[in-house]
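My notes follow in the order in which I looked things up.

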Amino acid sequence: MQKLIYIFWYIRKMRYVKIANEQIHDFLNQLKQYGKLYAPVKVSDKFYDRKEIDDVCDIAFDYVRTLLPAKKYFIHPKEKMFDIDIENGTYDEPEEKIEPFVLFGVHACEIVGLRILDGVYLRDYVDTYYKRRREAGIIIGLSCLPDDHCFCNLRRSDFVDIGFDLFLHELPDGYLVRVGSPTGHKIVDECAELFSNVTQEDIAAFREFEEKRQQMFSHHGSFDNMRYLLELTARDELWDEESEKCLGCGNCTNTCPTCRCYDVQDIPDIDGKTAERIRFWDSCQFRSHGLVAGGHNFRETKKDRFFNRYVCKNSYFYGLGTSYCVGCGNCTYFCPAGIDYLGNLLRVRSASEPEEVVHEHN
Amino acid sequence: MNTTENIYSLYKCRVLRVYDLIEDVKLLLFRFENPDIAESWTCKPGQFVQLSMPALGEVPISICSSPMRRGFFELCIKKTGRVTDKIHELKPGDFVGVRGPYGNGFPVDEFEGSDLLLIAAGIGMAPLRSVFMYAVDNRWKFGNITVINSAKFGNTLLFRKELEAMRDVAEAENIRIIQTVTRDPDWPGRVGRAQEHIKHANTDPEKTYVCVCGPPQVYEDVFNTLIKNNYDPRKIYVTLERRMKCGVGKCGHCIAGTSTFLKYICIDGPVFGYYDIISTPGLI
């Protein structure tokens, strides 16, 4: 949190520059000197994923969502916590060299998601593994246009003030760059020949883009009262119907930018002398999640687990004053059972019958 | 805690003694190997530690000894799975890894000057023993104390002998110990569920703090009886269990509550007040 406060202090001197389309590839090549460059690339007809970039021409600027959110760089899907010597009962932290890396093209919702993870992983007890990677990562944000599943505007996470080093806003002939951290300033200073000053036309274009983007969202208003409505409708038939469709696969939690549950396991080596303590992503949609010693399960039924995700995501995150859900729409987009998370929340909000929304299904 | 230190690293502890309490339940006494940690380590009644068995994993266990005993602590462990099976094989002299203490613990500072009523059912005596021992060690800080310890059978009453042995001294100190069983026809003492003995307590309902621990199904009846006997619902506390993997509010296994009251039981609990419990589905 201290880091966040520091950044917040810095935001008062927000600096704006512009980069032209012709310069953007040079800029991306220059970014590689700050660490390994990861950016979204198209991996199939429909899907994008973040990969290490060799040729900057591969980078997809118009992607909406990636297969896994940016959290995977900070909490690895599976990571080693300790090397265990079974005979001596010692636990040694693996010596891992964390190399600096650059995440290019992170959308506003994911940046808010990372700040929520900061609030959890760096609060009170500081998670060393997360903190080291967070310090090594440079975040370059990128503006986006929403698709049918996006509702970050209802979550107030459609525009970020802090949590990035640079943020690129699309202009007709380039990008307006907001500088959000000391590292961001340093990058702009060191690549000064690529940047120019922001002109009146650029400001007009930025305004136009923001306006167009706001109009593209399918729903307007706010979800601020959602947590109260969810509690009041906890006994509705809606939850029986919807949880019935659920396959319990955990795709929604894996693709969520703020889902952070993990499980820990000790894996012994074949010789029985050493072992590894690993942690890996877990999901509250699994039956094992609420199990305690003696066999009692605090989330016994599929409906319990299904509703738990809704209340957990919609609860209040004190650190930012928003909910844990950032409105990215990943859980709906990647749900194999076609459960419409946003649609269900809209039903809770307006209590009317759902509109027949025809989503092009994946 | 130092921020550069890994919060998941463990303190080495030596097993000093192992006692058999009842079938499948053992009481283990531990000491910190590092004298500096033994000196500085403190806990509050109702907190828990993460106990690690190499190559098997970690389990969260309530501390059941008084925090007044520096450098030592006791854990009461029931055999319920892979890790606890292995813990039962520990012998004096063996080493284990421990980290903690975690959780909010009982607000014992707030209890000072009031009467105490501790109601345990089944294995629930384990966490409440830390409150009881703390109160005994600081006898002058509290008013009258009653402990109600209940179980199904006489030979499954946790800490039965210990409580029996201190009964005479306790009575002189205004501590009432009530041990009751529900299903044992051969038991010579009191019978019936824990709540049926609340009326025998020596505590004044007007100024009593109540701590309850037991399996989830006992709470409702205990609460109802307490309120019927004029105990203040704001002064009823309950300690809960979950299978915490981290103990520090990260892993999410103990998240419970609803959208306006979402709590990590490991850092916001495991001790919760009566109104939190009854207004939050899924907490117990």
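I took buried to mean under 20% relative accessible area. The model is predicted, and I read every value below with that in mind.

**Entry 1: Arg277(A).** I looked up its accessibility first. Arg277(A) has 2% relative accessibility, so I put it down as buried. I then searched for its charged partners. Within chain A, Arg277(A) forms a salt bridge with Asp266(A), with the closest N and O atoms 2.7 Å apart. Arg277(A) is in strand β12 and Asp266(A) in strand β11 (residues 262-268), eleven residues apart. Asp266(A), at 6% relative accessibility, is buried too. Arg277(A) also has a partner in the other chain: Glu58(B) forms a salt bridge with it, the closest N and O atoms being 3.6 Å apart.

**Entry 2: the interface.** I counted two salt bridges between chain B and chain A. Polar contacts across the interface come to 24 residue pairs. On the chain B side, β3 (48-53), β4 (57-62), β6 (95-102), β13 (255-258) and β14 (261-264) each supply at least two residues. I sorted that side by class and got 21 nonpolar, 15 polar and eight charged residues. The contact takes 44 residues from chain B and 46 from chain A. The buried area is about 3600 Å², and carbon and sulfur atoms give 56% of it.

**Entry 3: other salt bridges.** Lys80(A) is partly exposed at 29%, and Glu276(A) is partly exposed at 33%. I also noted a network of salt bridges linking Glu79(A), Asp127(A), Arg133(A) and Arg279(A).

**Entry 4: helix α2 of chain A.** Which residues of helix α2 (residues 24-31) are buried? I listed Ile24(A), Phe27(A), Leu28(A) and Leu31(A). Seen down the axis of α2(A), the buried residues fall within an arc of 100°, so they line one face of the helix. An α-helix has 3.6 residues a turn, so residues three or four places apart point the same way.

**Entry 5: Thr146(B).** I located Thr146(B) in strand β8 (residues 145-151) of chain B. Its relative accessible area is 0%, and Thr146(B) is buried. Leaving out residues up to four places away in sequence, I found that Thr146(B) touches residues including Leu116(B), Leu118(B), Arg176(B), Ile178(B) and Asn202(B).

Notes. Residues numbered from 1 in each chain as written. Chains lettered and ligands numbered in written order. Predicted model: local features only at pLDDT ≥ 70, side-chain atom pairs only at ≥ 80, totals over all residues. Heavy atoms only, no water. Contact = heavy atoms within 4.5 Å. Buried area = accessible area lost by both parts, 1.4 Å probe. Salt bridge = Lys/Arg side-chain N within 4 Å of Asp/Glu carboxyl O. Polar contact = N/O pair within 3.5 Å; in protein donor to acceptor, adjacent residues only side chain to side chain. Helix = DSSP H or I, 4+ residues; strand = E, 2+ residues; numbered from the N terminus. Nonpolar A, V, L, I, M, F, W, Y, C, P; charged D, E, K, R; others polar. Buried < 20%, exposed > 50% of the residue type's maximum accessible area, 1.4 Å probe, protein only. Arc of directions from axis to C-beta.
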